[in-house]
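Subject: Structure handover

Dear colleague,

I am passing on a structure that you have not worked with before, and below it you will find a description of what was found in it. Please keep the view open while you read.

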Amino acid sequence: MVPATAAGGPGPASRCTPALHVLDRLPGTGAGSWGSESVNDFGTGGLSVGRSAGLPAYWAGSTVHRVPLPSGYDRGSVAAVNHRGLMVGSIQGPVGAAAFSYRVGASAVRILPGGTYAADVNDRGTVAGGNDSSDAAYLWTGATLTRTLTVKPGHTRVRVRSINSRGTVIGYS
């Protein structure tokens, strides 16, 4: 494949030099079926998000940071981060799974009402996710549930995957 120029024709080779970067990990061995290590999304300024040792984590460059969890919550993952540094994901604790949002420097995650997972966040701060138990799909702004998305009757296992800057949501059932 030949790289294209802005005019659409063949152009010079990309100046990008791919490299492998090894990221630090949190101490511990991980937590059961949640797996222990993954990087799920990239933010700006060298920020990346995912999980380490089965816990929600983010990396600034290669340095790992644990997302602070509420008491009793012991595992989870950061699914996505927007260009403003708002992170979203899912944690597991005393009452089951919960959707959350988090910003660097906050003392703990913000639980999103009604959700068991948050899949994505756009640059406007709209969070898309849902509740696996009730097959519901939701949008949140801040900590407020702003919209329940309707799905045709008969569809089960509804799962939101992403939201764009216009607010269009994709998923499956």
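This is a predicted model: local features need pLDDT of at least 70, side-chain atom pairs count only at pLDDT 80 or more; totals for chains, interfaces and linings use all residues.

Ser101 belongs to strand 7, which covers residues 96-102, and with a relative accessible area of 7% Ser101 is buried; buried stands for under 20% relative accessible area, exposed for over 50% and partly exposed for what lies in between, with a 1.4 Å probe and protein chains only.

Residues are numbered from 1 along each chain as its sequence is written, and side-chain values use heavy atoms, with hydrogens and water left out.

The mean pLDDT of the chain is 89, and 88% of its residues reach 70 or more, pLDDT being the predictor's confidence in each residue, from 0 to 100. Confidence in the chain is lowest in strand 1 (residues 37-42), at a mean of 94, and highest in strand 9, at 98.

As for the overall make-up, the chain has zero helices and 14 strands; these are DSSP runs numbered from the N terminus, helices being H or I of at least four residues and strands E of at least two. Of the 173 residues of the chain, 38% count as buried, and the chain exposes about 9800 Å², of which carbon and sulfur atoms supply 53%, the areas coming from the Shrake-Rupley method with a 1.4 Å probe and, for residues, with only the protein chains shown counting as cover. Among contacts with a separation of 6 or more, 34% are between residues 24 or more positions apart.

Strand 7, where Ser101 sits, takes part in an open sheet of four strands with the order 5-6-7-8 and antiparallel pairing; two strands pair if DSSP finds at least two bridges between them. Strand 5 and strand 8 (110-112) stand at the edges with a single partner strand each, so one side of each is left without a neighbour in the sheet. The twist averages 35° from one strand to the next, based on axes fitted as lines to C-alpha atoms and on angles that run from 0 to 180 degrees between N-to-C directions. Within this sheet, strand 6 and strand 7 run antiparallel and are joined by seven bridges, and Gln92 has Ala97 in strand 7 as its bridge partner.

Another open sheet of four strands has the order 9-10-11-12, also with antiparallel pairing, and its edge strands are strand 9 (117-121) and strand 12 (144-149), each of which pairs on one side only. Four bridges join strand 9 to strand 10 (residues 126-131), and Tyr117 stands opposite Gly130 in strand 10.

The largest nonpolar core has 20 residues, and those with the most contacts inside it are Tyr58, Val67, Met87, Ile91, Phe100, Tyr102 and Val109; such a core is a set of buried Ala, Val, Leu, Ile, Met, Phe, Trp, Tyr and Cys residues joined through side-chain atoms within 4.5 Å. Its largest share, four residues, comes from strand 3. Apart from it lies another core, of eleven residues, among them Val88, Leu112, Val121 and Tyr138.

Pro56 is also found in strand 3, where it is buried with a relative accessible area of 0%. Although Pro56 and Ser77 are 21 residues apart along the chain, their C-alpha atoms are separated by 4.1 Å, and the contacts of Pro56 beyond its neighbours within four places in sequence include Val67, Ser77, Ile91 and Phe100.

Two loop residues remain. Most residues other than glycine have a negative phi. Asp135, however, has a positive phi of about 55°; this residue lies in the loop between strand 10 and strand 11 (136-141) and is partly exposed, at 25% relative accessibility. Arg157 likewise has a positive phi of about 55°, and its place is in the loop between strand 12 and strand 13 (159-163), where Arg157 is exposed with a relative accessible area of 69%.

With kind regards

How values were computed:
Contact means heavy atoms within 4.5 Å.
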